[in-house]
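Work through the exercises below with the sequence and the model open. Try each task before you read its solution.

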Number of protein chains: 2
Amino acid sequence: MAHATVAEHAAHVAALLSPALEPRTESVAIDDALGRVTATSVPCPVDLPLFDNSQMDGFAVRSADLATLPATLPIVGEIAARPSDPLPLLPGSAVRIMTGGVMPAGADAVVPVEDSTDDGASVTITRARSAGEYVRYRGSDIRQGDRLLPHGLRLGSRHLAVLAAAGLTSVPVLARVRVAIITTGSELIQPGAVPSLGQVFDSNATALAAAVRATGAVVAFRSHVLDDRAAMLAALEQAAASADLIFTSGGISMGEYEVVRETLEPLGAKVGHVAMQPGGPQATAVFEGVPVICFPGNPVSTQISFEVFAAPLLRDVGGVAAPARRRRTLTAGTASIAGKRQFLRGTAVGESAVTLAGGPSSHLVAGLAASDLLVIVPEDVTELVAGDSVETWEL
Amino acid sequence: MAHATVAEHAAHVAALLSPALEPRTESVAIDDALGRVTATSVPCPVDLPLFDNSQMDGFAVRSADLATLPATLPIVGEIAARPSDPLPLLPGSAVRIMTGGVMPAGADAVVPVEDSTDDGASVTITRARSAGEYVRYRGSDIRQGDRLLPHGLRLGSRHLAVLAAAGLTSVPVLARVRVAIITTGSELIQPGAVPSLGQVFDSNATALAAAVRATGAVVAFRSHVLDDRAAMLAALEQAAASADLIFTSGGISMGEYEVVRETLEPLGAKVGHVAMQPGGPQATAVFEGVPVICFPGNPVSTQISFEVFAAPLLRDVGGVAAPARRRRTLTAGTASIAGKRQFLRGTAVGESAVTLAGGPSSHLVAGLAASDLLVIVPEDVTELVAGDSVETWEL
């Protein structure tokens, strides 16, 4: 990939990451599973409801005993909603029952308390009930062995609720992809430090970590290294030991002090240019079997490169919906470089228009933060005028 | 609220929760701030870029020295992207500079390396550059004191990146609402236990905890209590000590063993009926200054009550977008009870239709899990036919 198009490099990255993104299954506690994606379908281990029970506070009866009305039946006991193994209901009697109480053998209907009068010893019922009325039968919601949840489902609260209702404490979900992030550059210091002239705060570590998490993946390792090959090798070793894939930023240009290129090129890295702006320099490698995707170091280049080449792949595995991509109308024109795909920044104007914002330079990190759209200008377009339709990606 | 409409009870709950949902500010580390909402606007503490620097690998020059071309200038040094305080550039000379390198005083343009030839000692330049070309000026992205981020912004990776770029390590965000959850009922056991006849797995604790988290709030306390007033009081004490508001499930009907009603009614709880199905029994209270919203115990009633009365309020504070609510066309008709708002379950059919699913009973927790929409039937509607338009809420 000395020179590649965006589509070619995207396909190359997808192929390189494919083994690392193979779905793996892990079991997580249902209380930790919100937003996770089921790795298999989940069969129901029990009948739900677990047993025949009353849908109302009232009296469990034999419906046949209501053939002649009014019917007055002796109250032979009480069944609350709690552990109980009630005696069978004999013909010609009623038992007081609470919502959720176990239906006694022999009873086949519940008379709601509001449709009855009782003196404590007997109950008088004036309305007939057919068999099954106000009874929640065992298995009437779902039967043991039926599919409780499908494969590939993003778990919301109602799904976790039914897992709990079935007595399950964990659920098989797609394992989160473990990502390592290595930012490079001797000019970078961490936020909170006091910069000397020539030093810049490292925003790429924060940007990549948050962007990775937003796709449903986890950051398993994170480090910043100076322009020092030994330090870079050490960081790569740690990254490869703890993650499924590695992202780096910086150090892949043709200038001097390009630590990523200098470290990985002897190990077979492919370093080159992609016909895009920002984000032209791009590289890939495999380090100890772990794919390494190397982004350029300018903050806007890093962030847009991640969004273009990595985010769609990670979202697919993470079960996270992709931000909307739709066409909008430019409010003003602009020029573009022939042969390069431009990823300009813009802000939405109403439902269908977009205004370019923030300038095209790849250091304009505040401009990017103030934007809410990427505006894509294809390789063969050199001029756009107000009213032209452009593809936009929500950020 | 012995008897209330859905709208009346929703307004009552909103008023009761209002003090607990007042925005409070907390400072969180930028690495923990993804998805949080800014509590104030954030001014930029520095100029970005921090200093004038080169946009390219090349040579820093005085543009006036390129008036006659080709211009051959002695190379007087090198400025890398790292801490440095370069000497001023004297007229008639050039300094090798890397992308991000500090521009020396006197230099006002950068000649990209690809537009030059050099022998190490001197560089020959064949193309004129105007002042400012390929220079990133201090403050050209954002100036110290300008607004870096607005108030009320849900933080994405690009926003966290610009905070880091400005050297900030934390950000003021809206504090998460702290919620306590108490489920009640002597018939309930926790998932994973072995049920005796009459026992049911508690799905409400899981459902409410996940639904609370999905709104951006946190679960600060969670307990299940048996039908025992002393235990309920103890749980309420702990809940009130640790949370901004309390949700309970179960124990508010008119039957016996109604532990929430029996505990809170003497303390002034309002217990009554809302004209809705499922979810008719509803109650509210204030316990030691903390609002208590009491939902009925049937699992579907609990979940729908939370979605109707609590979720919209919590999402507003949590900065979480509400699920879509739109009208769809029924694929088949149904009857509805006069005077009650029905919240039926349905599944989407294409973009614009909905099929009722899962049955209306409030114990059908698997049916709810298999649905993706709530279908709202207004109080005054008793019959719907295929093709009728109904309001639907995405779950």
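Buried means under 20% relative accessible area, exposed means over 50%, and partly exposed lies in between (1.4 Å probe, protein chains only). This is a predicted model: local features need pLDDT of at least 70, side-chain atom pairs count only at pLDDT 80 or more, and totals for chains, interfaces and linings use all residues. Residues are numbered from 1 along each chain as its sequence is written, chains are lettered from A and ligands numbered from 1 in the order in which they are written, and side-chain values use heavy atoms, with hydrogens and water left out.

**Exercise 1. Cysteines**

Task: Classify B:Cys44 as buried or exposed, do likewise for B:Cys294, and count the disulfides over all chains.

Solution. 
- Step 1. B:Cys44 has a relative accessibility of 2%, so this residue is buried.
- Step 2. B:Cys294 has 1%, so this cysteine is buried.
- Step 3. Apply the disulfide rule: a pair of cysteine sulfur atoms within 2.5 Å. The count over all chains is zero.

**Exercise 2. A bridge between chains**

Task: Which residue forms a salt bridge with A:Asp31, and where do the two partners lie?

Solution. 
- Step 1. Side chains of opposite charge can pair when their charged atoms come close.
- Step 2. Set the cut-off. A salt bridge needs a side-chain nitrogen of Lys or Arg within 4 Å of a carboxyl oxygen of Asp or Glu.
- Step 3. The partner is B:Arg222, with the closest N and O atoms 3.0 Å apart.
- Step 4. Strands (E, at least two residues) are DSSP runs, numbered from the N terminus. A:Asp31 sits in the loop between strands S2 (25-29) and S3 (42-43) of chain A, and B:Arg222 in strand S17 (residues 218-225) of chain B, so the pair joins two chains.
- Step 5. Check accessibility. A:Asp31 is partly exposed at 30%. B:Arg222 is partly exposed at 29%.

**Exercise 3. A bridge within chain A**

Task: What is the N to O distance between A:Arg129 and A:Asp115, and how many residues apart are they?

Solution. 
- Step 1. Their side chains form a salt bridge at 2.5 Å, N to O.
- Step 2. The two are 14 residues apart and link distant parts of the chain. A:Arg129 is in the loop between S10 (122-125) and S11 (135-136), A:Asp115 in the loop between S8 (109-112) and S9 (116-118).
- Step 3. A:Arg129 is buried at 5%, whereas A:Asp115 is partly exposed at 25%.

**Exercise 4. Chain B and the total**

Task: Which residue pairs with B:Glu133, and how many salt bridges does the structure hold?

Solution. 
- Step 1. B:Arg129 meets B:Glu133 at 3.1 Å, N to O.
- Step 2. B:Glu133 is partly exposed at 25%, and B:Arg129 is buried at 5%.
- Step 3. The total over all chains is 24 salt bridges.

Terms used. Helix = DSSP H or I, 4+ residues; strand = E, 2+ residues; numbered from the N terminus.
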